[in-house]
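Please open the model in your viewer and keep the sequence panel beside it. The stops below say what to select next and what is there.

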Amino acid sequence: MAESLDAYRKTNDVIFKGMRLESSQGGVIDVSNLVLKVDLFEDIYSTFMTGNVTISDGVGLRSHFPIVGTESFLMSFKTPGVGADDTMVYMNVTSISKREINNNSSTETYELKMRSLPFLMNDIFRVQGSYSGKISDIAKEILDKYFPDARYLIQPTKNEYKFTIPNMKVSEVMDILCRHAVSEEGDPNYVFYETLGGFVFRSLGDMCRQEPVKSYNNKLSSIKDGKDKSRQEFLKIQEFQVESDFDMESALSNGAMASRLITHDLTTKSIGISSFNYVATFDDYNHLNENRKIPVSSLYSGIKNGVNIFMPKSTLNHGDQFDNNQNYEEFVQGGLSTRRMWLTDSLAIKTAGDSRLRVGNVAYLSMPATEPKKGANDENYENKYSSGKYLITSIRHHLLNIGTKEYTNTIEMSRDSLPQTIPDNKTFENTDGEQDRILTND
């Protein structure tokens with residue numbers, strides 16, 4: 001039986017379906033044989049996708065097809081053997097850099113900087129006018145008007161709001177909406193970003209409710225996914241780096257651990273004070289894992305003041321129907337804390353490319369314990385604190401179009417919680433009697 005054309009044959013396998021440049025004046029040219037590599041970037045904290053295309057030109061491309069920043073780059077690719085659909089890329093060329101001409105002037109290489117079409121529209125158009133209703137409905141209305149061809153996913157929000165937008169970029173408006181939005185489940189941590197699948201307006205809390213789309217391991221022998229080595233390589237961590245670990249100093253100074261909200265109502269001339277503590281409010285929001293990043297009975301669990309946040313307000317400023325705009329106690333402190341908790345405990349891994357993967361997915365990482373194994377079936381081999389579910393916050397799709405052609409992902413991921421409870425002084429492992437011995441130097 002003939003081998004399927006869609007089989008995964010080698011590590012970092014990829015299928016390209018074509019690459020071309022289109023001019024806004026109507027010209028089209030196939031550049032599949034000129035492109036050396038393509039890099040595409042998705043980031044949960046960046047509104048728009050970006051990318052680069054490296055071209056090796058020995059046919060005088062720019063003499064016959066001038067590239068001046070009014071062109072679009074189109075390509076289609078997919079990871080074979082995993083049931084992936086073709087991934088379509090459509091981005092605008094904005095500049096050329098890293099141009100090098102070889103000594104005999106027969107070839108030159110250069111890099112095309114690319115941005116998505118909404119990125120350019122964001123700089124051209126401005127949002128102005130009055131909008132009212134649920135924030136998710138306002139977000140949909142703005143995207144339909146200013147990015148009419150864009151695909152998007154919008155998570156419903158609660159409460160009615162009213163905003164008067166004074167000539168702002170779409171990205172600036174969406175940032176305001178994210179800071180005010182609270183999901184129907186009570187999560188105040190919306191983000192707005194673009195992926196290869198379109199725009200996403202969604203809370204981090206809702207993303208936490210997903211099941212992992214993949215499980216990665218740094219050892220082939222630990223990957224239980226058939227006996228095909230190529231398939232196992234598909235799930236192997238090729239490179240690994242710790243981006244950040246805990247940072248209690250920052251957590252205290254930026255309001256992640258505790259804060260005090262002070263409001264001054266200009267209408268009623270009243271002052272309101274609301275205290276927030278990460279440990280006490282942990283169960284009020286959705287988290288990726290079940291446990292806090294610090295023990296319940298810790299030095300920081302009783303903090304009631306923390307960072308001071310001052311917010312002026314004016315009751316009935318938009319009428320009594322829209323006072324949710326200034327219900328700061330519902331979204332300011334919780335949003336600040338739950339967002340900040342994602343900025344530590346982050347990793348970066350390099351893996352075989354998977355065209356189905358998107359920022360906002362959840363993945364499971366199996367990390368080895370840094371201690372000797374006690375036997376072939378030693379359960380302590382996996383680090384129970386470092387392993388577990390992570391949210392994918394950034395993906396670099398690196399597509400190499402030379403030689404055997406390869407596709408890899410560099411994935412940044414983080415988490416806001418832990419899979420295991422941090423023990424108190426009565427439950428630490430292998431420490432019975434050690435504390436007294438150390439303190440007395442016996």
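A cavity, on a 1 Å grid over the protein atoms alone, is a set of points where a 1.4 Å probe fits but cannot get out, and lining residues have an atom within 4 Å of a point. Grid points are joined across faces, edges and corners, and a volume is the space filled by probe spheres set on the points.

This is a predicted model, in which local features need pLDDT of at least 70 and side-chain atom pairs count only at pLDDT 80 or more, while totals for chains, interfaces and linings use all residues. Residues are numbered from 1 along each chain as its sequence is written, and side-chain values use heavy atoms, with hydrogens and water left out.

**The cavity**

Select Phe276, Tyr278, Thr281, Phe282, Tyr285, His287, Ser337 and Thr338, which line the largest cavity. This cavity holds about 30 Å³ of space, and the count of cavities of 30 Å³ or more comes to one. Helix H8 (278-281) and helix H9 (328-340) each supply at least two residues of the lining; helices (H or I, at least four residues) and strands (E, at least two) are DSSP runs, numbered from the N terminus. By class, the lining has four nonpolar, four polar and no charged residues, where Ala, Val, Leu, Ile, Met, Phe, Trp, Tyr, Cys and Pro count as nonpolar, Asp, Glu, Lys and Arg as charged, and the others, Gly among them, as polar.

**A three-stranded sheet**

Next, select the open sheet of three strands, whose order is S16-S15-S17 and whose pairing is mixed. Its edge strands, S16 (270-277) and S17 (307-313), each pair on one side only. Neighbouring strands here are turned by 20° against each other on average, direction ignored, with axes taken as lines fitted to C-alpha atoms and angles running from 0 to 180 degrees between N-to-C directions. Strand S15 (residues 258-265) pairs with S16 in the antiparallel sense over eight bridges; two strands pair if DSSP finds at least two bridges between them.

**Strand S3 and its partners**

Move to strand S3 (residues 35-43), which six bridges join to the antiparallel strand S4 (residues 50-57). A hairpin of six residues connects S3 to S4, and lysine 37 stands opposite threonine 54 in S4. S3 also pairs in the antiparallel sense with strand S20 (residues 388-400), over seven bridges, and there leucine 40 stands opposite histidine 397.

**Salt bridges**

Finally, show the charged side chains: a search of the whole structure finds 18 salt bridges, each being a side-chain nitrogen of Lys or Arg within 4 Å of a carboxyl oxygen of Asp or Glu. Glutamate 330 and lysine 158 meet in one of them (3.0 Å, N to O). Because glutamate 330 lies in helix H9 and lysine 158 in the loop between strand S9 (152-154) and strand S10 (161-168), the pair ties together parts that are 172 residues apart in sequence.

In another salt bridge, between glutamate 108 and arginine 99, the closest N and O atoms are 2.6 Å apart. Glutamate 108 is buried, with a relative accessible area of 11%, whereas arginine 99 is partly exposed at 48%; buried means under 20% relative accessible area, exposed over 50%, and partly exposed in between (1.4 Å probe, protein chains only).

Notes:
1 Å grid on protein atoms, 1.4 Å probe; cavity = no way out; pocket = protein on both sides within 12 Å on 5 of 7 lines; lining within 4 Å.
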